Amino acid sequence: MREDLFLLILSLLLVAGLLWVFVRRPVYAQLQTIRTRQAAAEDELEIQRYMAQRKESMKSQMENEPRKKKGQLGSYNNLPREIEQLSRILAAAGSYDLTFSEEEMAEDMVYRDIFISYEAASYEQAQAIIEEIENGAYCCLIKDVELTRGTDSEDGAEGREMVYGNLQVTYYETVDVEEKNKGGDGQSS
C-alpha cells in the first residue's frame with residue numbers, strides 16, 4: 001500500500017512537472033511575448049496619435065500662416081509679379097531655374113509652389129537670396145531648403161567653389177467671392 005501510494009504521489013509529481021515544462025511554461029512565455037507586442041503596439045499607437053495631432057496643428061498653422069506673414073497677400077493670378085520679383089532677386093545668382101506646380105485652392109486662398117534651384121558664389125550670398133525671397137513684397141512660405149557646396153569645374157579642371165541652393169516657395173493669393181464667381185484673374189480693369 002505504501003509503495004502504491006508512493007508511486008501515485010511520484011506519478012502525480014512527474015505529471016505536474018511535465019505539465020509545468022511542456023504546457024504552463026510555453027503558455028507563460030507566449031503570454032509574455034503577447035504582452036510585449038501589445039505594449040509595443042500601444043506605444044506605436046500613442047506615437048501615431050501624437051503625430052496626427054502634430055500634423056493637424058501644422059496644417060492649421062500653414063493654413064493660417066499667409067495671414068501672419070510679411071508681405072502683401074496678392075490677388076488671384078499674381079504669378080507674373082511673383083516671377084518678376086524672383087527674377088530680380090535671383091539676378092545675383094550665377095544661374096537659376098524655376099519650376100511651377102499647379103495652383104491649389106483652400107477656401108478663399110490660392111497657393112502655388114515654385115521650386116527654385118540656383119547657384120551662388122558663397123553661403124552668405126545663398127542665404128541672402130533666401131532672406132530676400134522671404135522678405136519680398138508678396139506673402140510666401142519657404143520650405144525644403146537645401147544648400148550644398150560644390151565646384152563649377154568642367155572636363156575635370158579645377159573650378160571655383162559654388163553653393164547650390166534648392167528650395168520650395170509657396171506663394172499665397174486671395175480670391176474674392178466676386179472673382180470666384182466671375183472666374184476673374186484678380187486684375188482691375
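User: In which strand of this predicted model does Asp144 lie?
Analyst: The structure is a predicted model. Asp144 belongs to the strand that spans residues 140-151. That strand is β5.

User: Is Asp144 buried or exposed?
Analyst: The relative accessibility of Asp144 is 59%. A residue counts as exposed over 50%. Asp144 is therefore classed as exposed.

User: Is Thr170 buried or exposed?
Analyst: Thr170 is found in strand β6, which covers residues 161-174. Its relative accessible area is 1%, and the buried class comprises values under 20%. Thr170 is therefore buried.

User: Which side chains are joined to that of Thr170 by polar contacts of 2.4 Å and 3.0 Å?
Analyst: The side chain of Thr170 takes part in a polar contact of 3.0 Å with the side chain of Lys143. Lys143 is also among the residues that Thr170 touches, when residues up to four places away in sequence are not counted; Tyr111, Arg112, Cys139, Cys140 and Leu141 are others in that set. The polar contact of 2.4 Å joins Thr170 to the side chain of Asp113.

User: Are helices α2 and α3 roughly parallel or antiparallel?
Analyst: Two packed helices are described by the angle between their axes and the distance between the axes. For α2 (residues 79-90) and α3 (residues 123-134), the axes lie 10 Å apart and the packing angle is about 155 degrees. Because angles over 145 degrees count as roughly antiparallel, α2 is roughly antiparallel to α3.

User: How many nonpolar, polar and charged residues make the contact of α2 with α3?
Analyst: α2 passes α3 in a right-handed crossing. Gln85, Leu86, Ile89 and Leu90 contribute from α2, while Ile129, Glu132 and Ile133 contribute from α3. By class, the contact has 5 nonpolar, 1 polar and 1 charged residues.

User: In what order do the elements of the protein chain run from the N terminus on?
Analyst: The protein chain contains 4 helices and 6 strands. Read from the N terminus on, the order is α-β-α-β-β-β-α-β-β-α.

User: What share of the contacts in the protein chain with a separation of 6 or more comes from residues 24 or more positions apart?
Analyst: The protein chain has 189 residues, of which 24% count as buried. Among contacts with a separation of 6 or more, the share from residues 24 or more positions apart is 67%.

Conventions. Residues are numbered from 1 along each chain as its sequence is written. This is a predicted model: local features need pLDDT of at least 70, side-chain atom pairs count only at pLDDT 80 or more; totals for chains, interfaces and linings use all residues. Side-chain values use heavy atoms; hydrogens and water are left out. Axes are lines fitted to C-alpha atoms, for helices over the stretch in contact, and angles run from 0 to 180 degrees between N-to-C directions. Helices (H or I, at least four residues) and strands (E, at least two) are DSSP runs, numbered from the N terminus. Angles under 35 degrees count as roughly parallel, over 145 as roughly antiparallel, 65 to 115 as roughly perpendicular and the rest as oblique. A crossing is left-handed if the near helix is turned anticlockwise from the far one by less than a right angle, and right-handed if clockwise. Contact means heavy atoms within 4.5 Å. Ala, Val, Leu, Ile, Met, Phe, Trp, Tyr, Cys and Pro count as nonpolar, Asp, Glu, Lys and Arg as charged, and the others, Gly among them, as polar. Buried means under 20% relative accessible area, exposed over 50%, partly exposed in between (1.4 Å probe, protein chains only). A polar contact is a pair of N or O atoms within 3.5 Å; within protein, one must be able to donate a hydrogen and the other to accept it, and residues adjacent in sequence count only if both atoms are side-chain atoms.
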